[in-house]
Amino acid sequence: MWQFPWRYRESIAIVLGIVIIGFVLQLTIGEFDFFLLQIPVNIVLGIAIVILLVILSFTRKSAFYQWFSGVPFSVTIISALLVLGLVMGLTPQVMKVNPHDHDLFTILGFTRVTTSWPFVLVYFLALLSLGGLIVRRLIAFRKQDYAFYLNHIGLWVFLFAAGMGAADIRRYVMHVQEGEVEWRVYSDNGDVLELPIAIQLNDFDMEVYTPKLAIIDRETGVPQPENKPDYYQIDLKRPESTLFNWDIIVKDYIHDAIRNSDSTYQEVHMPGASPAALITTKNKLTGEEIQGWVCSGNSSQLYMVLPLDSQYCVVMTQPEPKRFLSDINIFTKDEQNAHTILEVNKSYKMGDWTIYQYGYDNQAGRMSTYSSMELVYDPWLYPVYAGIILLSAGSICLLWSGNKKRKEKNDLE
Amino acid sequence: MTWNEYLWFAIPAVLCWVGAGSLIYKFRKSWIIDGLMIAGIIIFAAFIVGLWIGQERPPLRTIGETRLWYSFFLAAVGYITYRHWKYNWLLSFSCLVACVFVCINIFKPEIHSTNLMPALQSYWFVPHVTVYILSYAMLGAATIASFIQLVNLKKDRLDNNLYNLMDNVVYIGFGFLILGMLMGAVWAKEAWGHYWSWDPKETWAFITSAGYLIYIHMRLQKQHYIKFTLWMLPVSFILLMITWIGVNYLPAAQNSVHVYSN
Ligand code: HEM
């Protein structure tokens, strides 16, 4: 051991040593504080790494450099990341460590692996080793190695930008009342802040799927049959269905319904409307037929059930959201403004800020008087996307050429 | 066009694909296989286009609709990959899984109206999942090959051709796997605000790819640790299965955005 060329023994010893140093740091000074890396520290660090790699490249013929940028060391690093990943994947991870938790797991950083010293150090080691490899291979540039460059450079850019960028990302939640303008946001810790960006909510709207019908026990409210309840989602193309011991036919369905004084329903398009259906039921055992309205109700209208006998009744479930959208105006301190409609999967980007539809008053549903938006600030997004694009090009090369064009001999063999 | 016409397209497409997937072992004549595959793909695509026009929106909203795309892409991408690599089993497998999805839509029609929650209504949904299915197929095949090679190793008769096949298939499968992850990352950015939030499913995807990376890189030094390297494939495949199915059952995943079942 420790005789060049170094191979797995030495690699494992060194990576283990670094992990142990990580645990010692974790125990003595607590978890790694990502905010230390905020701009401009991460940029300076990035430049320093690149300069270091360039200087080191003059020693690339040395046995040390060959080892540092070679297969055994990189396999060991990847294995260490795998093991730390397993810790992360097998134990519940928390956003914020409770200061009163003093069990061994918490102290060693296992409840928040990504900010624990061992993980951060190994991540950093991977950046250095991978960087050393890229520099070595770039100096001995060969066109036919394009797949290698795409994969490794792409991964390096991604790891660097995602890791270092984590320090600069800010995410806030803003709750805006309909018709009002809001500057204040909540951070993850629940602190209230004012941002250089404001949002006016013109309108919040929601579309829902058709609701389902079910038969419940009138006393316990349990859907029937108890172990495996039947549900039927209203579909006017297939109005007939069977629930429990009853055949059900939907005679009429109103998506936006308001109750009349005689307990029938009519179509009215307004926020307080709720789905309602006129159904007939037929008991499969007795043949008894019943007809009546059911309605899922909301905070401004009562729900309506159809009793079948002394024990059971038909109910309509609360409809599930299909899409929800906020019609908003955005203003910034530097006098920019924009109008957009925000929806899940349809965010809006303004400079380094991205605005997402986040939530609404779940109790009120469609009648929610506010809309919650998430505002994410991420100045590192474009470098991350550059890494993603390079890496996807590399993956396509992998699946297209496999390892067909494997060069005859690896320079380390 | 509506779902009522589905059978008229589904049955001919299934016949074409089943034909191609099974005749491939009998006939050397490639034009029969090519003809059947392309015919099946066109027939199926015609239904998707028809449904798109008939519903006046892209059919991407219900689970049943997304299943249409799985079938289509599995057949199409499977066929293209087969043309490139000439692995017969690859074509059969893609056809089989494509047909399974076609048949689920025939025999479980109530699934057409299953509601897709808003976050899933994205054009990333279909490619993200299809690419993963293809990746699982490849990596599954590589696992079987690794067992055969382990037996060969016992008899001290390592098969170089098998090694070539394994490495190729791992590269293809890993390529699909990374593509799936990257699409997932871009989608997550669009839907949830961050491209990588160490959600349990993401963590396990990271673990899985680390497993395959170990295999890929250890294979670069062919004479060393042969047995360990071969065992990395079954081990990684177990990790892959945990990522795919197992995560839902882990205590660590109680709040995962990937646990949809309710
Ligand atoms: C998406 C991730 C990755 C992929 C797809 C990938 C793929 C590959 C491939 C196909 C080769 C052989 C190519 C050739 O020699 O021309 C290779 C070589 C290598 N890779 Fe990776 N790799 C990845 C990540 C990494 C990481 C994270 C490390 C290090 C921490 C690494 C270190 C190496 C080393 C040391 C070699 C040997 C090349 C040499 O010594 O010249 N790779 N990789």
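Predicted model: local features only at pLDDT ≥ 70, side-chain atom pairs only at ≥ 80, totals over all residues.
View 1. His152(A) belongs to helix α7 of chain A, residues 146–165, while His217(B) belongs to helix α7 of chain B, so the pair joins two chains.

**View 2. Extent of the interface between chain B and chain A.** Here 56 residues of chain B are in contact with 58 residues of chain A, and the area buried between the two chains is about 5,100 Å², of which carbon and sulfur atoms give 64%. Asn115(B), Tyr195(B) and Gln221(B) supply 14% of the area that chain B buries against chain A, more than any other three residues.

**View 3. Polar pairs and helices on the chain B side.** Between chain B and chain A the count of salt bridges is 0, whereas 5 residue pairs are in polar contact, both residues being at pLDDT 80 or more. On the side of chain B that touches chain A, helices α3 (63–85), α6 (160–192) and α7 (200–218) of chain B each supply at least two residues, and the largest share, 18 residues, comes from α6(B). By residue class, this side of chain B divides into 33 nonpolar, 17 polar and 6 charged residues.

Key: Residues numbered from 1 in each chain as written. Chains lettered and ligands numbered in written order. Heavy atoms only, no water. Contact = heavy atoms within 4.5 Å. Buried area = accessible area lost by both parts, 1.4 Å probe. Salt bridge = Lys/Arg side-chain N within 4 Å of Asp/Glu carboxyl O. Polar contact = N/O pair within 3.5 Å; in protein donor to acceptor, adjacent residues only side chain to side chain. Helix = DSSP H or I, 4+ residues; strand = E, 2+ residues; numbered from the N terminus. Nonpolar A, V, L, I, M, F, W, Y, C, P; charged D, E, K, R; others polar.
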